[in-house]
Amino acid sequence: MTARPRYDDDLRLAHVIADQVDALTMSRFKAQDLRVETKPDLTPVTDADRSAEELVRAQLSRARPRDAVHGEELPDTGHGPRRWVVDPIDGTKNFVRGVPVWATLIALLDGDEVVLGLVSAPALGKRWWAAQGSGAWTGRSLSAASRLQVSQVGRLADASFSYSSLGGWEERGRLPHLLALTRQVWRTRAYGDFWSHVLVAEGAVDLSAEPELALHDMAALVPIVTEAGGRFTSVSGEPGPFGGSALVSNGLLHNAALQALDPLLEA
């Protein structure tokens, strides 16, 4: 008998929760009475963000009461090696403006390792997920999915690169290095947020990068990218979602992109 993957039950739970959150967020998308506030960091938050995170936490408290939870909008809860990380709506500015590129991100960390990630974008009708050792997948459900595989592009000159806003790079003194990379690649687009990175996992884009991100922005994306054969680090090369930024690639292009983006690596 073949053993079930270690995190199979957790992945099924993440899908069940995502189904419920999708119904909630879609009911508030383009709603006339949507409430939008400004957080202390000057980023927007809506009643949908908070309600979605509350729903995730409520489900986890029932199904995984011993696990800790870290989210974007509410204080951390619980202790222990297993920690769920939630971004209720990644792409809130898109959500507020009626742009369909936003998603709920759910991840599970076991110690310092991200072992499960799910990204659900209901307005796009798409979902991506991965669990450690089980591959990365996309589809509408576990039973209707296709496996993800990064591209095999091996030269920057042939690569498609997606980045976030130019202003974010400029604020952090990295705009010259970003522009240096854009001059070396075949094509550039700013798809933004989770969208850039799942496109790398799909093999549609070869490189993506963002200059500043939090754990909740990145955790769910890490296993999706790596299980698809790609690589996920900070722009300075720190593996995983703890370096405060993201450089995502098909693996073949990663070192060349790091050298372009990090001034210390250029020396």
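The legends below describe close-up views of a predicted model.

**View 1. Packing of helix H5 against helix H9**. Helix H5 spans residues 175–182, and helix H9 spans residues 254–261. Two packed helices are described by the angle between their axes and the distance between the axes. For H5 and H9, the angle is about 140° and the axes lie 8 Å apart. The two helices are therefore oblique to each other, because an angle counts as roughly antiparallel when it is over 145 degrees. On the H5 side, the contact is made by His177, Leu178 and Leu181; on the H9 side, Ala257, Ala260 and Leu261 take part. Of the residues in this contact, five are nonpolar, one is polar and none is charged.

**View 2. Strands S7, S8 and S9**. Strand S7 (residues 126–131) pairs with strand S8 (residues 136–141) in the antiparallel sense, over three bridges. Within this pairing, tryptophan 128 stands opposite threonine 138 of S8. The hairpin of S7 and S8 has four residues between the strands, and glycine 133 in this hairpin takes a positive phi near 80°. Strand S8 is also joined to strand S9 (residues 144–147), by four bridges, and these two strands run antiparallel. Here tryptophan 137 stands opposite arginine 147 of S9. The hairpin from S8 to S9 passes through two residues.

**View 3. The salt bridge between aspartate 110 and arginine 6**. The model has 13 salt bridges, and this view presents one of them. The side chains of aspartate 110 and arginine 6 meet with a separation of 3.4 Å, N to O. Aspartate 110 belongs to strand S5 (residues 103–110), whereas arginine 6 lies in the segment before helix H1 (8–28), so the pair ties together parts that are 104 residues apart in sequence. Arginine 6 counts as exposed because its relative accessibility is 66%, and the cut-off for this class is over 50%.

**View 4. The salt bridge between arginine 28 and aspartate 47**. The closest N and O atoms of this pair are 2.9 Å apart. Arginine 28 is in helix H1 and aspartate 47 is in helix H2 (residues 47–63), so that the pair links distant parts of the chain, 19 residues apart. Both arginine 28 and aspartate 47 are buried.

**View 5. The salt bridge between glutamate 202 and lysine 126**. The side chains of these two residues meet at 2.8 Å, N to O. Glutamate 202 is in helix H6 (residues 193–202), and lysine 126 is in strand S7; the pair links distant parts of the chain, 76 residues apart. Glutamate 202 is partly exposed, with a relative accessible area of 25%. Lysine 126 also counts as partly exposed, at 29% relative accessibility.

**View 6. A network of salt bridges**. Four residues are linked in this network: Asp10, Arg64, Asp67 and Arg82.

**View 7. The surroundings of arginine 57**. Arginine 57 is found in helix H2. Its relative accessibility is 12%, and arginine 57 therefore counts as buried, since the cut-off for this class is under 20%. When neighbours within four places in sequence are left aside, arginine 57 is in contact with Val69, His70, Gly71, Leu74, Pro75 and Thr77.

Conventions:
Residues numbered from 1 in each chain as written. Predicted model: local features only at pLDDT ≥ 70, side-chain atom pairs only at ≥ 80, totals over all residues. Heavy atoms only, no water. Axes fitted to C-alpha atoms, helices over the stretch in contact; angles between N-to-C directions. Parallel < 35°, antiparallel > 145°, perpendicular 65-115°, else oblique. Contact = heavy atoms within 4.5 Å. Nonpolar A, V, L, I, M, F, W, Y, C, P; charged D, E, K, R; others polar. Pairing = 2+ DSSP bridges. Buried < 20%, exposed > 50% of the residue type's maximum accessible area, 1.4 Å probe, protein only.
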